[in-house]
Amino acid sequence: MDAIFERASVRQYSDQPVTDHEVDRLLRAAMAAPSAGNQQPWEFYVTRNPALAERLAACSPYAVAAKHAPCVIVACVREEGLRFASCAPLDMGACIENLLLEAVDAGLGAVWMALYPDDERVSRCAEVLKCDGVSPFALIAVGHPAEAPVPRGGSRYDAARVHWMDA
C-alpha cells in the first residue's frame with residue numbers, strides 16, 4: 001500500500017475547496033477502522049467555515065494548520081455506550097490513521113493535531129463545538145496541498161528496533 005509510505009503531515013493548503021464527496025470518502029475510511037469489541041467510539045464534526053476553523057485552531061498551540069485549512073474535521077469519542085472505554089484512544093488512533101491514508105489516496109493533504117489527553121485542550125474544543133455526549137479527541141486539517149508533500153515514511157525504518165524471537 002503506497003499511501004503508507006507517501007503520507008506526510010500537510011499544513012499548507014491551496015484555495016481549492018474540499019468537496020462533500022471528498023469529506024464523505026475520508027469519513028467512510030475512518031469508520032472502516034477496527035475497534036475494540038466493535039464499539040466504534042467515533043463521532044465527527046466537520047466544518048468549512050473559516051471563522052469556526054480559526055476558533056478550533058485556538059484550542060491548541062499546535063493546531064495552527066486548522067486556521068487556514070479549507071476543511072477541519074474534529075474526531076470525537078462518544079462518552080456513553082462503550083464496551084471497552086479504556087480502548088477508545090486506541091480505536092481513535094486507528095480511525096484517524098485510516099482517514100490520513102485515504103487523504104493521500106484522494107490527492108488531499110492532512111495533518112493530525114491531538115487534543116487528547118490534554119484536558120484543557122479537550123475542554124476548549126468542546127466549548128467551541130458546543131457538543132454534548134462526546135469528547136473531542138483530535139483536529140484533522142484537510143485540504144489540497146499548496147506544494148508537493150515530502151513523505152518520510154520509508155526513511156523511518158530502523159532494523160535495530162526489530163527483535164527476532166524465532167530461535
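At 56% relative accessibility, D20 counts as exposed, where exposed means over 50% relative accessible area, buried under 20% and partly exposed in between (1.4 Å probe, protein chains only). The model is predicted: local features need pLDDT of at least 70 and side-chain atom pairs count only at pLDDT 80 or more, whereas totals for chains, interfaces and linings use all residues. Residues are numbered from 1 along each chain as its sequence is written, and side-chain values use heavy atoms, with hydrogens and water left out.

**Salt bridges**

- The structure holds eight salt bridges, each defined as a side-chain nitrogen of Lys or Arg within 4 Å of a carboxyl oxygen of Asp or Glu.
- D20 is joined to R48 by a salt bridge, at 2.4 Å from N to O. This pair links distant parts of the chain, 28 residues apart: D20 is in helix α2, and R48 is in the loop between β1 and α3 (50-57). Helices (H or I, at least four residues) and strands (E, at least two) are DSSP runs, numbered from the N terminus.
- R48 counts as partly exposed, at 42% relative accessibility.
- Another salt bridge is formed by R78 and E43, whose closest N and O atoms are 3.9 Å apart. R78 lies in strand β2 and E43 in strand β1, so the pair ties together parts that are 35 residues apart in sequence.
- E43 is partly exposed, with 33% relative accessibility.
- D118 and R121 meet through their side chains in a salt bridge of 3.8 Å, N to O. D118 is partly exposed at 28%, while R121 counts as buried at 19%.

**Nonpolar cores**

- A nonpolar core is a set of buried Ala, Val, Leu, Ile, Met, Phe, Trp, Tyr and Cys residues joined through side-chain atoms within 4.5 Å. The largest one has 26 residues, and those with the most contacts inside it are L26, F44, I73, I96, L99, I140 and V142.
- Two or more residues of this core come from each of α2 (20-31), β1 (42-47), β2 (71-78), α5 (88-105) and β4. The most come from α5, which gives seven residues.
- Leaving aside neighbours within four places in sequence, F44 is in contact (heavy atoms within 4.5 Å) with L27, A30, M31, I73, V74, A75 and C95.
- Apart from this core lies another, of 24 residues, including Y13, A65, L115 and L139.

**A buried loop residue**

- Q39 is placed in the loop between α2 and β1 and counts as buried, at 6% relative accessibility.
- Beyond its neighbours within four places in sequence, Q39 has contacts with R78, L82, R83, F84, A85, C87, A88 and D91.

**Surface**

- On the surface, Y157, V162 and W164 form a nonpolar patch with about 430 Å² of accessible area together.
- Y157 is found in the segment after β4 (134-143) and is exposed, at 62% relative accessibility.

**Cysteines**

- The count of disulfides (pairs of cysteine sulfur atoms within 2.5 Å) comes to zero.
- The sulfur of C76 has its closest cysteine sulfur in C131, 5.3 Å away, too far for a bond.
- C76 counts as buried at 0% relative accessibility, and C131 counts as buried at 15%.

How values were computed. Patch = residues over 30% accessible without salt bridge, like charges linked within 9 Å, V, L, I, M, F, W, Y side chains within 5 Å. Areas by Shrake-Rupley, 256 points an atom, 1.4 Å probe, with all protein chains shown as cover.
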